Amino acid sequence: MKLSHFFLPHPETHKKAHLLSFKALAVYIFFFLMLSLTFRTANVYNPGVLGVDSSISQSEVIRLTNIEREKNGLQAVSEDPRLNAAAMEKAKNMFEENYWAHFSPSGKDPWGFINGAGYKFSYAGENLAKSFYQSDEVVKAWMASRTHRENILNKHYLNIGIAVLEGTLNGEKTTLVVQEFGTPVDTAIAQIPSEAAVKSIQTPKEAGPAAQTAQPSPTVAASAQVQAQIIVASDKQTLSSLATDPYLAFKVAGLTLLFGLFVLILLDLYVIRRRAVYRITARHIPHLALLSVAASALFNLSPGQIL
């Protein structure tokens with residue numbers, strides 16, 4: 001078998017190149033399955049080896065958040081060290097109890113960390129993100145989700161706190177980003193002296209078939225003449241070193257393979273036309289369409305999730 005037969009149509013039978021055959025397709029599928037199994041096995045026997053090395057900046061997340069607020073005619077939120085401390089404690093707790101949620105398995109809630117940091121709030125909100133590379137990726141993901149966007153663009157918020165912490169979660173090295181918003185009680189008293197003393201804590205729900213509810217909404221008592229409200233957005237988007245990041249490895253390997261197949265299909269069409277051979281090639285169109293869809297999915301693949 002000549003090497004050219006792997007890349008060019010057969011000179012006599014004009015069959016497609018071997019790399020475009022169904023057998024080759026089975027090999028590609030087997031390759032990706034084995035790649036996935038390798039990463040999963042590595043994480044089981046050596047947790048934390050594979051994962052994401054990010055360059056997310058606390059100050060940059062705050063800056064980008066305020067840009068989004070100002071775009072929508074809202075005042076910028078100011079960084080508060082107490083909310084920074086609350087966000088860091090929340091991130092540490094997620095690693096300690098090994099969970100990815102607004103509410104911990106032991107029953108700790110988002111506003112407990114805020115109150116514990118000495119920040120007595122009238123309004124509070126929380127956004128979570130993990131496994132992103134860059135600060136702008138995090139904010140873009142939040143803004144693409146209705147509930148997270150509403151949290152960022154909440155007109156009641158005056159302060160913000162951010163924590164960025166690396167660790168191992170569910171056996172995988174990752175970076176957690178916790179975003180806490182708040183308005184102090186004394187500020188709310190000065191602004192809305194006639195508000196009711198007690199309000200329910202509200203948890204918005206993401207619309208659509210993939211929507212997920214964070215937790216049932218409890219109630220909490222607030223200081224006199226203050227409306228207490230905490231918002232936790234609930235939405236997951238699943239949907240980046242090559243040697244350690246399974247997502248990036250899948251992405252690069254997949255895009256490289258799809259690009260190679262795309263080139264081979266075009267080469268097949270070109271060679272057959274040059275040989276003036278009649279062959280049914282209409283199915284090349286759906287093949288190319290399928291490759292385009294697969295390439296688009298891989299290109300947009302990100303390990304990042306928001307909650």
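Predicted model: local features only at pLDDT ≥ 70, side-chain atom pairs only at ≥ 80, totals over all residues.
Visitor: Which way does β2 run against β4?
Guide: Antiparallel. Strand β2, residues 121–130, is joined to β4 by nine bridges. In that pairing, Ala129 stands opposite Val177 of β4.

Visitor: And how many bridges join β3 to β4?
Guide: 11 bridges. Strand β3 is residues 159–169, and β3 and β4 also run antiparallel. Here Thr168 stands opposite Lys173 in β4.

Visitor: What do β3 and β4 form?
Guide: A hairpin, with two residues between the strands. Asn170 sits in the turn and has a positive phi of about 55°.

Visitor: New topic. How many aromatic pairs does the structure hold?
Guide: Two. One is Phe103 with Trp111, an edge-to-face pair. Their centres are 5.9 Å apart, with 85° between the planes. Both Phe103 and Trp111 are buried.

Visitor: What about Tyr157 and Phe181?
Guide: Tyr157 and Phe181 are stacked. The distance is 4.9 Å centre to centre, and the planes are 5° apart. Both Tyr157 and Phe181 are buried.

Visitor: Where in the chain are Tyr157 and Phe181?
Guide: Tyr157 is in the loop between α6 (146–152) and β3. Phe181 is in strand β4. They are 24 residues apart, and the pair links distant parts of the chain.

Key: Residues numbered from 1 in each chain as written. Heavy atoms only, no water. Pairing = 2+ DSSP bridges. Helix = DSSP H or I, 4+ residues; strand = E, 2+ residues; numbered from the N terminus. Phe/Tyr/Trp six-rings, centres within 6.5 Å; stacked < 30°, edge-to-face > 60°. Buried < 20%, exposed > 50% of the residue type's maximum accessible area, 1.4 Å probe, protein only.
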